[in-house]
Amino acid sequence: MAAIEHTVLQFSTSPSSSLSAKVHPLVIFNICDCYVRRPDQSERVIGTLLGSVLPDGTVDIRNSYAVPHMSAEQVALDIEYHHNMLISHQKVNPKEVIVGWYSTGLGVTGGSALFHEFYSREAPNPVHLTVDTGFVNGAGTIKAYVSVNLSLGDRQLAAQFQEIPLDLRMVEAERVGYDILKTPMVDKLPTDLEGMEASMERLLALIDDVYKYVDNVVEGRAEQDNTIGRFLFDTIASLPKLSPSAFDKLINDSLQDNLLLLYLSSITRTQLTLAEKLNTAAQVL
């Protein structure tokens, strides 16, 4: 009996299944700034992602720039502008290469496949980053995708976007700025002291959570986790051994340094204002 051949519809197995990405806060701030400055007729912003691929395979996204495009009646990208911006960026940071592209809005749209096809010729297995600049309910949705080919036998039919893990890590100063960015409306930007106060309140809340967890484990109300225990031990062991008086002196010295910087910046601002008024009066006379 002759063997019957079956044609199987399958997704190509690629390293994308274990791929992950890490994005720096500067990229998110830059994307939001480009969205605010976009032309009136543009509904979204598209741009190039720069960075590198780490030894463990993680895509490290460190920089970005917007690229003019059209996606109303036809999908078009200003390729010459894109290449000129790439050359300019690599003069400053030669180690940064194209790792993908970004677009504002929620998720993948109809023309994303065509843009992704272009960036696939610029970089191997590019990452597509989507940023929701609406910040609905004070939450910004940031996702990363890669393209997975759908093939029928040896014939490639289409491509599907598959979401990959995305890591957004920030230091405390960047966290304060990101929280302000997510707020729909703010009366004023917080000062250094207000930012420090918000950070201390967040730190105290985290310490209270740790206290509650340890008490629950000790009293048997919660199951112990060796991983969390080792993490807490390493955290406490990394703290410097300071007496309360030495710790208070360290905090007070740092606070006085911040106040001195505020005072000097205020004096500089006043001096510039006076110089501008004197220059204007001299021109009138």
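Predicted model: local features only at pLDDT ≥ 70, side-chain atom pairs only at ≥ 80, totals over all residues.

Student: Which residues have the most contacts inside the largest nonpolar core?

Tutor: Residues are numbered from 1 along each chain as its sequence is written, and side-chain values use heavy atoms, with hydrogens and water left out. A nonpolar core is a set of buried Ala, Val, Leu, Ile, Met, Phe, Trp, Tyr and Cys residues joined through side-chain atoms within 4.5 Å, where buried means under 20% relative accessible area, exposed over 50% and partly exposed in between (1.4 Å probe, protein chains only). The largest such core has 21 residues, and those with the most contacts inside it are Ile61 and Leu129.

Student: Which element gives the largest share of this core?

Tutor: Helices (H or I, at least four residues) and strands (E, at least two) are DSSP runs, numbered from the N terminus. Elements giving two or more residues to this core include strand E4 (59-66), strand E8 (127-131) and helix H1 (25-36). The largest share, five residues, comes from H1.

Student: What is the bridge partner of Ile46 in E7?

Tutor: Ile46 brings us to another pairing, in which strand E3 (residues 46-53) and E7 are antiparallel over six bridges. The partner of Ile46 in E7 is Ser103.

Student: Is Glu96 buried or exposed?

Tutor: Glu96 sits in the loop between helix H2 (79-92) and E7. Leaving out residues up to four places away in sequence, Glu96 touches Leu50, Gly51, Arg62, Asn63 and Gln90 (contact means heavy atoms within 4.5 Å). Its relative accessible area is 8%, so Glu96 is buried.

Student: What is the phi of Asn125 near?

Tutor: Asn125 lies in the loop between helix H3 (112-122) and E8, and is partly exposed. Most residues other than glycine have a negative phi. Asn125 has a positive phi without being glycine, and the value is near 50°.

Student: How far apart in space are Met196 and Leu255, C-alpha to C-alpha?

Tutor: Met196 is in helix H5 (residues 192-218), and is partly exposed at a relative accessible area of 32%. Met196 and Leu255 are 59 residues apart in sequence, and their C-alpha to C-alpha distance is 9.7 Å.

Terms used
Pairing = 2+ DSSP bridges.
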